[in-house]
Amino acid sequence: VKPTKAMVLAAGLGVRMRPLTDKMPKPLVRVAGRALLDHVLDKLGDAGVSEAVVNVHYFPDQIIDHTADRTRPRVIISDERDEVLETGGGVVKALPLLGSAPFFHVNADTMWIDGVRPNLARLAEAFDPARMDILLLMAPTTSSIGYGGRGDYGMLPDGALRKRREHQVVPFVYAGAAIMSPSLFKDAPAGEFSLTKMFDRANEQERLFGLRLDGVWMHVGTPDAVQSAEEAFLESVA
């Protein structure tokens with residue numbers, strides 16, 4: 001069963017994206033003529049998502065206005081302007097809007113170029129609620145654009161993820177798109193907490209899996225990265 005709902009994280013302050021984010025939220029920064037948020041929402045719409053819950057905190061009204069006319073998917077705002085909930089708390093607040101079925105979870109500032117088959121469709125096919133609480137889209141660090149870190153996880157042949165140890169370098173980085181079961185959050189803490197807590201919990205129970213991204217992932221974290229992403233994106237549609 002393909003997820004028909006999604007949560008898009010759009011509440012961040014976009015600190016590393018200054019000065020572009022001095023007057024606008026990071027999800028509205030444009031790459032190749034479209035806001036990062038629209039690139040994400042377009043992909044969700046193509047994957048059959050009918051409703052996307054978008055959380056807002058920084059310049060919230062700009063995002064509310066920007067998404068008001070969208071129909072594919074329809075956008076429901078989860079307003080966090082008066083609180084700081086972080087990534088995990090943001091999901092918990094939005095759960096009543098997301099329902100009881102597994103949902104897509106996507107960062108508003110992630111961008112990728114799909115390979116032969118769209119990655120969100122691949123995630124939906126690979127997600128097995130009997131074995132998994134979370135399935136993360138994982139990008140190979142070597143072929144990603146704008147990423148210079150040591151990776152997040154190693155991946156076993158069956159897709160099970162193993163967290164990077166302190167001095168280790170691992171080949172995969174979380175690409176900012178996932179499918180999650182709401183049941184994962186049943187004992188979640190109240191208020192502000194990071195989603196990585198949930199990733200770790202699923203990992204301990206061996207219910208955290210990954211799917212290798214097919215295509216090219218772009219880490220659009222800084223103003224410089226916008227240009228690299230733009231060039232790659234325009235090349236891909238040429």
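**Note on aromatic pairs, pockets and backbone of a predicted model**

1. A search of the whole structure turns up 3 aromatic pairs. Rings of Phe, Tyr and Trp (its six-membered ring) pair if their centres lie within 6.5 Å; planes under 30 degrees apart are stacked, over 60 edge-to-face, and the rest tilted. Tyr147 and Trp217 make a tilted pair, with 6.1 Å centre to centre and 55° between the planes. The pair links distant parts of the chain, 70 residues apart: Tyr147 is in the loop between β8 (134-140) and β9 (153-155), and Trp217 is in strand β13. Trp217 counts as buried because its relative accessibility is 5%. Buried means under 20% relative accessible area, exposed over 50%, and partly exposed in between (1.4 Å probe, protein chains only).

2. On the basis of the note: this is a predicted model, where local features need pLDDT of at least 70 and side-chain atom pairs count only at pLDDT 80 or more, while totals for chains, interfaces and linings use all residues. Residues are numbered from 1 along each chain as its sequence is written, and side-chain values use heavy atoms, with hydrogens and water left out.

3. Lys43 places its charged end over the ring of Trp112, 4.9 Å from the ring centre. The criterion is NZ of Lys or CZ of Arg within 6 Å of the ring centre and within 35 degrees of the ring normal.

4. The largest pocket holds about 1,100 Å³ of space. A pocket here is an open set of points on a 1 Å grid over the protein atoms alone, where a 1.4 Å probe fits, with protein on both sides within 12 Å along at least five of seven lines; lining residues have an atom within 4 Å of a point. Volume is the space filled by probe spheres set on the points, which are joined across faces, edges and corners. The lining has 42 residues, and Leu9, Thr87, Asn107, Asp109 and Tyr174 lie nearest the centre.

5. Which elements supply at least two residues each to that lining? They are α3 (86-98), β6 (103-107), β11 (172-180), α5 (196-204) and β13 (215-219). β11 gives the most, with 4 residues. Helices (H or I, at least four residues) and strands (E, at least two) are DSSP runs, numbered from the N terminus. By class, the lining has 19 nonpolar, 13 polar and 10 charged residues. Nonpolar covers Ala, Val, Leu, Ile, Met, Phe, Trp, Tyr, Cys and Pro; charged covers Asp, Glu, Lys and Arg; the others, Gly among them, are polar.

6. Strand β6 is mostly covered, with 4 of its 5 residues buried. β1 (residues 5-9) pairs with β6 in the parallel sense over 4 bridges. Pairing needs at least two DSSP bridges between the strands. Met7 has His105 in β6 as its bridge partner. β6 and β11 run antiparallel, joined by 4 bridges. There Phe104 is bridged to Ile179 of β11.

7. Two cis peptide bonds deserve a look. Arg18 to Pro19 is cis, with omega near 5°; Pro19 is in the loop between β1 and β2 (30-31). Arg72 to Pro73 is also cis, with omega about -5°; Pro73 is in the loop between α2 (60-67) and β5 (74-79).

8. Positive phi comes next. Phe59, in the loop between β4 (51-56) and α2, has phi near 45°. Phe59 is partly exposed, at 29% relative accessibility. Glu206, in the loop between α5 and β12 (208-212), has phi near 60°. Glu206 is exposed, with a relative accessible area of 55%.
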